[in-house]
Amino acid sequence: MANNIYNTIRAALETRLTNTLAGTDIAYENVAFSPTTGTLFVKPTFIPTVTQPATRGLNPQLLYQGVFNVMVNAPEGSGPSLADTTCNTITNAFAATTDVSIVVGADTYIVRIRYAERQQGRIDTPWYSVPINIGWYIYNT
Amino acid sequence: MRETKIGINASFNKKIKSVEDKVDMFLKDQLTDIARTAVDLSPVDTGAYVTSFSYTVGAGRPRGKSSANKPKYQNKQSKRDEGFSNLMQDLSRAKDLEGVSEVELRNRSPHADDVENGTNWSKTQGYFVFAQIRNMYG
């Protein structure tokens with residue numbers, strides 16, 4: 001399953017995001033998307049970082065970890081509250097120690113959240129963009 | 001008047017010093033790893049971003065270079081080596097890390113936010129350099 005584990009992790013995180021932000025425009029990676037000026041949208045990016053053995057010995061279980069970045073883009077000039085509300089919804093859904101599970105075939109995978117950090121918002125005309133970095137990890141063979 | 005004297009064996013002091021030296025060495029190794037990771041994850045065009053990293057221990061002006069009017073398509077590896085060398089110089093200046101509570105990795109190039117999050121870039125997305133370092137080294 002090792003070759004597919006990243007697909008599973010991405011699916012788990014994106015599904016959680018989609019369910020959390022029902023009705024909000026989401027610009028998934030490498031999918032054509034044209035934002036509507038004046039309408040908030042979010043852009044998730046899946047960033048695996050380190051894969052390392054979790055135990056010693058032959059064929060050890062592996063620890064996979066990485067970042068799930070979600071860029072919240074609110075209309076420029078509309079004040080911070082719309083972005084703030086969306087950011088709070090996301091950070092609550094991905095709060096530290098949260099388990100995000102997904103069922104693939106007969107197996108259930110649980111992606112654990114290590115942290116969810118909201119950063120400073122910046123103007124990226126015509127948007128006010130606020131990045132959220134969500135640290136995740138999962139043990140798998 | 002009451003007085004209590006506690007004698008400390010000389011070998012105890014030596015052991016404490018040895019532990020301090022090992023902690024110092026571990027910290028420098030860790031900061032060296034972080035420096036290598038930072039420059040390896042950085043994109044290189046003019047080299048302004050990758051050579052703008054600095055470690056700051058207390059006071060000191062961090063590096064910050066603009067890419068404006070600089071030649072593009074620079075040699076990636078040599079610019080990364082230059083950035084790494086800058087960070088190693090910062091560490092060598094901070095001779096002793098004992099007692100230091102905080103070391104900051106900074107990048108003060110004007111387009112550092114663009115590189116991190118893709119802000120102001122219409123086609124390319126960010127490189128998430130600091131996000132990845134934070135994830136790997138916590």
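**Exercise 1. Classify A:Gly23 as buried or exposed, and place A:Gly23 in chain A.**

Solution. Step 1: count the C-beta neighbours of A:Gly23 inside 10 Å, which gives 4. Step 2: compare with the cut-off, under which a residue with 12 or fewer such neighbours is exposed. Because the count is 4, A:Gly23 counts as exposed. Step 3: find the position in the chain. A:Gly23 sits in the loop that links helix H1 (5-20) and strand E1 (25-26) of chain A. Step 4: take one distance. The model used here and in the exercises below is predicted.

**Exercise 2. Repeat the classification for B:Gly64 and list its contacts.**

Solution. Step 1: the neighbour count inside 10 Å is 16 for B:Gly64. Step 2: buried needs 20 or more and exposed needs 12 or fewer. B:Gly64 has 16 and therefore counts as partly exposed. Step 3: the residue belongs to the loop between strand E1 (53-56) and helix H2 (76-93) of chain B. Step 4: with neighbours within four places in sequence left aside, the contacts of B:Gly64 are B:Ser52, B:Arg108, B:Ser109 and B:Pro110. Step 5: for a C-alpha distance, B:Gly64 and B:Ala112 are 9.1 Å apart in space and 48 residues apart in sequence.

**Exercise 3. Describe the fold of chain A in terms of its elements, extent and burial.**

Solution. Step 1: the elements of chain A are 2 helices and 7 strands. Step 2: read from the N terminus, their order is α-β-β-β-α-β-β-β-β. Step 3: along the principal axes, the C-alpha atoms of chain A fill a box of roughly 55 × 25 × 20 Å. Step 4: chain A has 141 residues, and 30% of them are buried. Step 5: of the contacts in chain A with a separation of 6 or more, 57% are between residues 24 or more positions apart.

**Exercise 4. Trace the strand pairing through A:Arg112.**

Solution. Step 1: strand E4 (residues 99-104) and strand E5 (residues 107-118) of chain A pair in the antiparallel sense, over 6 bridges. Step 2: these two strands form a hairpin with 2 residues between them. A:Gly105 lies in the turn and has a positive phi of about 65 degrees. Step 5: in E7(A), A:Tyr137 is the bridge partner of A:Arg112.

**Exercise 5. Identify the largest nonpolar core and the surroundings of A:Val72.**

Solution. Step 1: the largest nonpolar core has 45 residues. Step 2: the residues with the most contacts inside this core are A:Leu13, A:Val70, A:Val72, A:Ile132, A:Ile134 and A:Trp136. Step 3: strand E3 (residues 62-75) of chain A supplies the largest share of the core, 7 residues. Step 4: for A:Val72, leave aside neighbours within four places in sequence; the contacts are then A:Val42, A:Ala83, A:Thr86, A:Cys87, A:Ser129, A:Val130 and A:Ile132.

**Exercise 6. Describe chain B and the confidence in its prediction.**

Solution. Step 1: chain B contains 4 helices and 2 strands, in the order α-β-α-β-α-α from the N terminus. Step 2: compare the radius of gyration with the globule rule. Chain B has 20 Å, whereas a compact globule of 138 residues would have a value near 14 Å. Step 3: the C-alpha box along the principal axes is roughly 75 × 25 × 25 Å. Step 4: buried residues are 24% of the 138 in chain B. Step 5: the mean pLDDT of chain B is 87, with 96% of residues at 70 or more. Confidence in chain B is lowest in helix H1 (residues 10-41), at a mean of 88, and highest in helix H4 (residues 129-137), at 95.

**Exercise 7. Which elements of chain A give two or more residues to the side that touches chain B?**

Solution. Step 1: the contact takes 15 residues from chain A and 10 residues from chain B. Step 2: the elements in question are strand E2 (41-53), E3, strand E6 (122-124) and strand E7 (127-140) of chain A. Step 3: E3(A) gives the most, with 5 residues. Step 4: by class, this side of chain A has 5 nonpolar, 8 polar and 2 charged residues. Step 5: for the complex, the predictor gives an ipTM of 0.86 and a pTM of 0.86.

Methods: Residues numbered from 1 in each chain as written. Chains lettered and ligands numbered in written order. Predicted model: local features only at pLDDT ≥ 70, side-chain atom pairs only at ≥ 80, totals over all residues. Core = buried A, V, L, I, M, F, W, Y, C linked by C-beta atoms within 7 Å. Contact = placed C-beta atoms within 7 Å. pLDDT = per-residue confidence, 0-100. Nonpolar A, V, L, I, M, F, W, Y, C, P; charged D, E, K, R; others polar. Rg over C-alpha atoms; globule rule 2.2 N^0.38 Å. Pairing = 2+ DSSP bridges.
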